[in-house]
Amino acid sequence: MKQANAWRGVLEEILSTDEFQAYYQDQRNIFQRIWDWLKEWVTNLFQEWFSGLSPSSSIGDAILVILLTIGLILVCLLVAFALINWQRRKRLKDNQPLKNFSSQTLTFKDYQERFEEAEEREHYPEAIRYRFLLLLFNLEEKQLIKIERWKTNWDYFKELTQINEDQAERFYQLAVYFEAVTYGNKKVKSDDYHNYLTRVHAFEQEE
């Protein structure tokens with residue numbers, strides 16, 4: 001009996017320590033603890049910025065809500081920007097416009113003649129392809145891009161972006177249509193073809 005009372009006394013003494021009392025009395029869940037920790041951090045930061053001023057609990061809550069809201073908005077904007085950039089890049093596939101000409105030596109005049117021949121035969125997809133290649137050579141001649149056989153239209157778009165973002169955006173639209181026709185087998189009607197030529201010509205005139 002005395003032994004049992006002795007162990008009971010030891011147990012009561014252990015349970016009465018600050019560590020056990022703090023754990024027993026703290027009934028907050030994990031989210032409440034995180035919130036209180038963040039509020040304490042904001043309060044300390046506020047005191048450092050404003051020379052020891054200590055905001056009330058309600059003000060601390062309000063400041064924390066504002067900071068979290070701003071942070072959430074910034075994260076959403078970054079995610080949206082990344083998704084838009086990924087979608088735009090996906091539209092300009094990894095195809096290299098000059099890849100199939102790697103074993104040939106063609107001059108600007110050669111591409112011009114092939115373009116005119118395709119147009120005369122009313123083979124609009126082929127004509128669009130050569131007209132777009134002529135556009136690339138025109139851009140290189142004006143030192144706006146540097147043509148390489150391994151480059152994709154996304155590479156050319158990024159080069160133009162560093163010079164003129166508006167011009168790069170117009171090029172992007174022309175490149176997307178070119179790839180839809182050349183690699184996506186998009187059907188091209190006469191009106192579509194002539195409209196594309198008009199857009200290319202307007203783009204070259206605005207450079």
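A helix axis here is a line fitted to C-alpha atoms over the stretch in contact, and angles between axes run from 0 to 180 degrees between N-to-C directions. Keep that in mind for the helix pairs further down.

What you have above is a predicted model, where local features need pLDDT of at least 70 and side-chain atom pairs count only at pLDDT 80 or more, while totals for chains, interfaces and linings use all residues. Residues are numbered from 1 along each chain as its sequence is written, and side-chain values use heavy atoms, with hydrogens and water left out.

Let's start with confidence. The pLDDT (the predictor's confidence in each residue, from 0 to 100) averages 75 over the protein, and 54% of the residues score at least 70. Helix H2 (residues 18-25) has the lowest confidence, with a mean of 52, whereas helix H6 (residues 124-141) has the highest, at 94.

Now the overall build. The protein has nine helices and zero strands, where helices (H or I, at least four residues) and strands (E, at least two) are DSSP runs numbered from the N terminus. Of the 207 residues, 28% are buried, meaning under 20% relative accessible area with a 1.4 Å probe, protein chains only. Contact means heavy atoms within 4.5 Å; among contacts between residues at least 6 apart in sequence, 60% join residues at least 24 apart.

On to helix H7 (residues 153-161), which packs with H8 at an angle of about 165 degrees, the axes lying 8 Å apart. H7 and H8 are therefore roughly antiparallel, a label for angles over 145 degrees. Their crossing is right-handed, that is, the near helix is turned clockwise from the far one by less than a right angle. On the H7 side, the contact includes Trp154, Tyr156 and Phe157, and these residues of H7 meet a set in H8 that includes Ala168, Phe171 and Phe178. By class, this contact has nine nonpolar, three polar and three charged residues. Nonpolar covers Ala, Val, Leu, Ile, Met, Phe, Trp, Tyr, Cys and Pro; charged covers Asp, Glu, Lys and Arg; the others, Gly among them, are polar.

Helix H8 (residues 165-182) also pairs with helix H9 (residues 190-206): their axes come within 11 Å and cross at roughly 155 degrees. So H8 and H9 are roughly antiparallel too, but this crossing is left-handed, with the near helix turned anticlockwise. Among the residues making the contact are Phe171, Leu174 and Tyr177 of H8 and Tyr196, Val200 and Phe203 of H9. This contact divides into seven nonpolar, two polar and four charged residues.

Note on methods
Angles under 35 degrees count as roughly parallel, over 145 as roughly antiparallel, 65 to 115 as roughly perpendicular and the rest as oblique. Buried means under 20% relative accessible area, exposed over 50%, partly exposed in between (1.4 Å probe, protein chains only).
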